[in-house]
Amino acid sequence: MEPQANSVRLKTMYEKMVLIRKFEERIIELVQEQGRIPGMQILANGQEAVAVGIIEALKAEDVIVSNHRSHGHLLAKGADPKHLMAEIMGKATGVNKGKSGTLHLAVPEVNALMTSTVVGAGPPLAAGAAFAQQYRNEPNITVVFFGDGAAAEGSVHEAMNLAALWKLPLLFVCENNCWAGAQSYAQHCSVGEIAQRGIAYGMPGEFVDGNDVKKVYALALSMAEYCREGKGPALIEAKTYRMRGHGENDHQHYVDKAELEYWAKKCPIRSLKEKMLKDGIVTENELQAIETKTLAIVAEAVAFGDASPFPLAKEALNDVWA
Amino acid sequence: MAQLSFGQAVNNALDLAMNMDESVFLAGEGVGISIHYDPNMPSHGLLGKYGPKRVKDTPVSEAAIAGLAVGASCMGLRPVVEIMFLPFITLATDMLVNHAGKLQYLSGGKSTFPLTVRVKAGVNFAAGCQHSHNLEAWLAHSPGLKVVFPSTPEDAKGLLLSAIFDPNPVIVIEEMGLYWGKGEVPEGDYRVPLGKARIALPGKDCTLVSYGGATHTAIEAAKILSKENISIEIIDLRTLVPLDRDCLLNSVKKTGRLVVLHDATKFGGFGAEIAAIVAEDAFEFLKAPIKRVAAPDIPVPFSPTQEKFYKPNADMVVDAVKSILN
Ligand SMILES: Cc1ncc(C[n+]2csc(CCOP(=O)(O)OP(=O)(O)O)c2C)c(N)n1
Ligand SMILES: [Mg+2]
């Protein structure tokens, strides 16, 4: 993979980011059409460049472990939008047969190994996955996505120490979206940059503008390379912003409107689009084609979910044991 | 008396406790500023009223939240901390099980730990098994921890005030789905003693024991059964530890039959303890086998069809009662 995203890759990443955005925008509509989607939806609107930039730098065999805000990670990793949407709708054709819903999506067939909605659970789980890769001398790495809020859980610190001690091929990606629930970063974190904590565990820690997919990609590539070479784990802090509430039932009464406006101007998708247009990498027609294509994928996913049955009640008893 | 929602009743208890006693403080994720702006949320408005010294939003750190309560209570404060959802209490269990429940004993009775942990429970909000998991039997199984699980706004207030001023660690489980439901709540410093069950409905044919949100399922079942002239005595335990054995045994001695209902899974659930106590201490009064109505031994599924299947309902209680009559 080229160290700097070339124009083909930029377009690929753009398309993936648009797909994630459209997929989640459709979820917002479905939430508003009462009863179309069960439960609370937690969306990564505004954070698409982190998921896409990191995962674009990985190989298909590399493994990811995700958290409650997972749709973008999973789509970027190649999960089928139809079966993902069906799961979110609680249908039998969903990736997890309706057992999970939005919060704990596992798509192991694309190496999206597992997702935990228990904040901070991802890093130790990912250490286990990375240990298996190391144990079997695989040339693959594990990437774990966790939030700025999660960085306060003891489990994250334990995993960092263990991974560094055993030189596990594990890339920690802290998606700092400035919020943990209704607590702002400054209200919950003792240091200015979580990336600084790398040094405490003896691993490289780098900070990156998480709304600039090109920068995220370049950093992810070099950090993934470091992990792959057996040098041990690495930590990326990607600074971005949670444009919607924590979940779709959160109307952001505690968020400063000026801050929202500031970050709206830094939309990762729009800024990439403008840059590509300016650099002559993409034409308006191509952009339109991407828009049409992704909307069709999302429409197909929703139609698939709609047409799918709910699982039988009794099937709830299955899958507890192997 | 005032008409308050369950959430407002909890809020009222917290407010009164903070007002009465300077050593009471709140801590937890979002107890000050919450994503919800809703007066039915238990700590709504308290940050504004008591300020950030006494209403502390914490990082996402359950072990530290619980440990904070243990340490501060040993120093003589009365912490009231919140763990957001019951499954996340697993992250706090070292502090609660190995410390809150044991340190007084280990000190030979010298130290006390007057702390309260509030935690939300519920199995019907389509969040799946990492948010919905009734672990009360785990907690009740640990010596040194009191466990409270109210079902009405009145009890929510009265039990919480007792919990806060109890000299022991108390875990108060709040059924989230009840937060918006209203009821009569006594004003002022109203306390419901820990360890006293409530006869939610007097009856003669069968004792139906429940607690928390499941009490409402029990009431629904009793209504259905009353149409067939079957009279159910519902015991709402209110406190699992300490347990009101007298209330339980007296009722069974009167009715001769027992059904236990809870939303938690059946195997090793709290219902097993109730059944065992009755089998040990009131066997000769039983006219029929004891029945348990509980969730199947699986994690809570997400899909609405399956979540509904998981949660014990009134029809299941009706069937259980009928199966032991005659
Ligand atoms: C152990 C645990 N505690 C609390 C929660 C409730 N909760 C869900 S997300 C969240 C905030 C997490 O913030 P962050 O890690 O920054 O992720 P973000 O939501 O911003 O993506 C909290 C407190 C949880 N799911 N798990
Ligand atoms: Mg965050």
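**Exercise 1. Determine how much area domain 1 and domain 2 of chain B bury between them, and which residues of domain 1 contribute most.**

Step 1. In this predicted model, domain 1 of chain B and domain 2 of chain B bury about 1,900 Å² between them, 60% of it on carbon and sulfur atoms; buried area is the accessible area (1.4 Å probe) that two parts lose on being put together, summed over both.

Step 2. On the domain 1 side, B:Val123, B:Phe149 and B:Ser151 lose the most area to domain 2 of chain B, and together they account for 26% of what that side buries.

Step 3. The two domains cover 2-185 and 198-323 respectively, with bounds from an automatic or database domain assignment, and their centres, taken over C-alpha atoms, are separated by 26 Å.

The model is predicted, and local features need pLDDT of at least 70, side-chain atom pairs count only at pLDDT 80 or more, while totals for chains, interfaces and linings use all residues. Residues are numbered from 1 along each chain as its sequence is written, chains are lettered from A in the order in which they are written, and side-chain values use heavy atoms, with hydrogens and water left out.

**Exercise 2. Find the salt bridges between the two domains of chain B, and the elements of domain 1 that supply the contact.**

Step 1. Between domain 1 of chain B and domain 2 of chain B the count is two salt bridges, where a salt bridge is a side-chain nitrogen of Lys or Arg within 4 Å of a carboxyl oxygen of Asp or Glu.

Step 2. A salt bridge also joins the side chains of B:Asp155 and B:Arg198, at 3.5 Å from N to O.

Step 3. Helix 6 (136-140), strand 6 (146-148) and helix 7 (153-165) of chain B each supply at least two residues of the domain 1 side that touches domain 2; helices (H or I, at least four residues) and strands (E, at least two) are DSSP runs, numbered from the N terminus.
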